Amino acid sequence: MFVDGISDQDLAALGLTLRLAAVTTVILVILGTPLAWWLSRTRARGKLVVEAVVALPLVLPPTVLGFYLLLLLGAQGPIQALGGPSLAFTFTGLVIGSVFYSLPFVVQPLQNAFASVGEATLEAAASLRAGPWDRFVTVVLPLSLRGYLTAVTLGFAHTVGEFGVVLMIGGNIPGETQVVSIAIYEHVEAVDYGSAHLLSALLLGLSFLMLLALYVLNGRFQLANR
Amino acid sequence: MTIEARFELHRPEFTLDVDLRIAGRGVTTLFGRSGCGKTTLLRCMAGLEPTATGRLVVGGDIWQDAATAVPPHRRAIGYVFQEGRLFPHLTVRGNLEYGYRRIARERRLVKPAEVSDLLGLEPLLGRRPHELSGGQRQRVAIGRALLTGPRILLMDEPLAALDAMSKQEILPYLERLHDELQIPVLYVSHALEEVVRLADHMVLMADGRVLAHGGLRDLLTRADLPLAHGQGASTVIEAEVRRHHDRHHLTELAFPGGTLMVSREDVREGQRLRVRIMARDVAISLSRPRDSSVLNCLPVRVLEVTADPHPGHVLMRLGLQDQVLLARITRRSLEHLGLVPDMAVHALVKGVAIT
């Protein structure tokens, strides 16, 4: 079945997928940290609304999310009306879509990790002369390592598995916006089951290994950080 | 140095309203029932209650008033929390040095090695908090607070979460702190046994207010305060170990009002210590009894006779030079002996506890 090996186009799709997932994850960790911190500490009423919005991608069909992003980012969309470029069918557009799509997978583990650090420990740090930023770096971050590990793994893996959003706003431009999941769909459409099989097996193995690594590392943390 | 603390804090169903001057030396205990505002007052002083208003001046520096509110991490306090609150991701050494590394060199009063030595932490330095017993954890918490070079040490019931064994393990360390450090300590407690052992001054609190404030011995024996009427009504006497009587396994203690014999204790001759005499362990005799088994008989003068919660009992305040001894006797004995103020009588002390 794997007689032809992997084509250049499929290789490009694989590279693009990994690049997209990596960029998205980095952005999500940077944006998700302050958002999750705020959610874990605030008593503002708006918190519930923000939490619901963050969780939306969990229940929304990706095509719905993709459709609205297309309206927002595409030709004649508000971004372009304000003088910006059309981001539909570009890698940047894919990154923006993925950030929304994978948001809960990064924010929720971080929020849980931050919440479990507890006000009591932070008060102790303050009484030991640590200012707010110092407390975050030297107490909250080390105690939230497991949360970060979970957030990074889930954010990355979920972005790798993205299909609907990409199809709506990225289309299927090889080397530009064609990711693995869409390449697989293409192969199936073209009844090229061999290539579809190869890519599918690669994705399956990759996802499994990432999750396995997560659980192994998590177990280690549990032992070391009881 | 004095500490001036005035705070107001309003919460549903609780109001804190205190105005205190705290001695710049020795241990001041905040004593009162759970929920009377002791811990809240401590938290106000540390800056951990942002809604509290008032004024806090420590040794001339204003930490809080209408215009100023120094944030918690800029107040030179050491805070020992009830539950220790050690950092789980750091070793004992890491916990001890956390605050130490964050203060200016000239503010460092003690070195980590000295603190480890004082609190017996040397063998624990490489361990993580989850590998420590409750008493060990609390010792680390105390050491960690001392290493921040505090101008005042706030201790919030540091023994409350510990079992009786751990308490006995940690109390000697607290006494050493009391003897060796010049830092004023504000110690929250609702256990009279700890208070009589450690306190120099006492702040009696109830319902968010200060009921009385003064020297430990004064407050313990004031008939108008609840302490003298509770189960634990007692007097504390500072005494010196005079000598041991080997034949009878007794230890003789001297104090300005006389001497006391106690069952032999493991103390040095010349050592200064505190003894606690419970009001229920003191009996009255008109003459010096010749045929009694009670060892300790002290000549005293009746100062005052007041009612006690039980209608069959009275509480007597007895003058012993400049000290006051409490005795709880029955109303029947009071009438039978015809005891009135200013009478010279003998106090028979049945039990003396070295604290």
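The side chains of A:E119 and A:R41 form a salt bridge, with an N to O distance of 3.3 Å. A:E119 belongs to helix α6 of chain A and A:R41 to helix α1 (residues 8-41), so the pair ties together parts that lie 78 residues apart in sequence. Both partners are partly exposed: A:E119 has a relative accessibility of 45%, and A:R41 has 24%. The model is a predicted one. Over all chains, the count of salt bridges comes to 23.

Chain B holds a salt bridge between the side chains of B:R11 and B:E49, at 3.2 Å from N to O. This pair links distant parts of the chain. B:R11 sits in strand β1 (residues 2-11) of chain B, while B:E49 sits in the loop between α1 (38-46) and β4 (53-58), 38 residues apart. B:R11 is partly exposed, at 36% relative accessibility. B:E49 has a relative accessible area of 13% and counts as buried, because the cut-off for that class is under 20%.

B:E49 also meets the side chain of B:R43 in a salt bridge, here at 2.8 Å from N to O. B:R43 is buried, with a relative accessible area of 15%. Salt bridges with shared partners join B:R11, B:R43, B:E49, B:E83, B:R85 and A:E123 into one network.

The link from A:E123 crosses between the chains. Its side chain meets that of B:R43 in a salt bridge of 2.7 Å, N to O. Between chain A and chain B the count is three salt bridges. Nine residue pairs are in polar contact across this interface, both residues of each pair having pLDDT 80 or more. On chain A, helices α6 (119-127) and α7 (132-143) each supply at least two residues of the side that touches chain B. That side of chain A comprises 11 nonpolar, five polar and five charged residues.

In total, 21 residues of chain A are in contact with 23 residues of chain B. The area buried between the two chains is about 1,900 Å². Carbon and sulfur atoms give 59% of this area. A:E123, A:L128 and A:R129 supply 40% of the area that chain A buries against chain B, more than any other three residues.

Note on methods:
Residues numbered from 1 in each chain as written. Chains lettered and ligands numbered in written order. Predicted model: local features only at pLDDT ≥ 70, side-chain atom pairs only at ≥ 80, totals over all residues. Heavy atoms only, no water. Contact = heavy atoms within 4.5 Å. Buried area = accessible area lost by both parts, 1.4 Å probe. Salt bridge = Lys/Arg side-chain N within 4 Å of Asp/Glu carboxyl O. Polar contact = N/O pair within 3.5 Å; in protein donor to acceptor, adjacent residues only side chain to side chain. Helix = DSSP H or I, 4+ residues; strand = E, 2+ residues; numbered from the N terminus. Nonpolar A, V, L, I, M, F, W, Y, C, P; charged D, E, K, R; others polar. Buried < 20%, exposed > 50% of the residue type's maximum accessible area, 1.4 Å probe, protein only.
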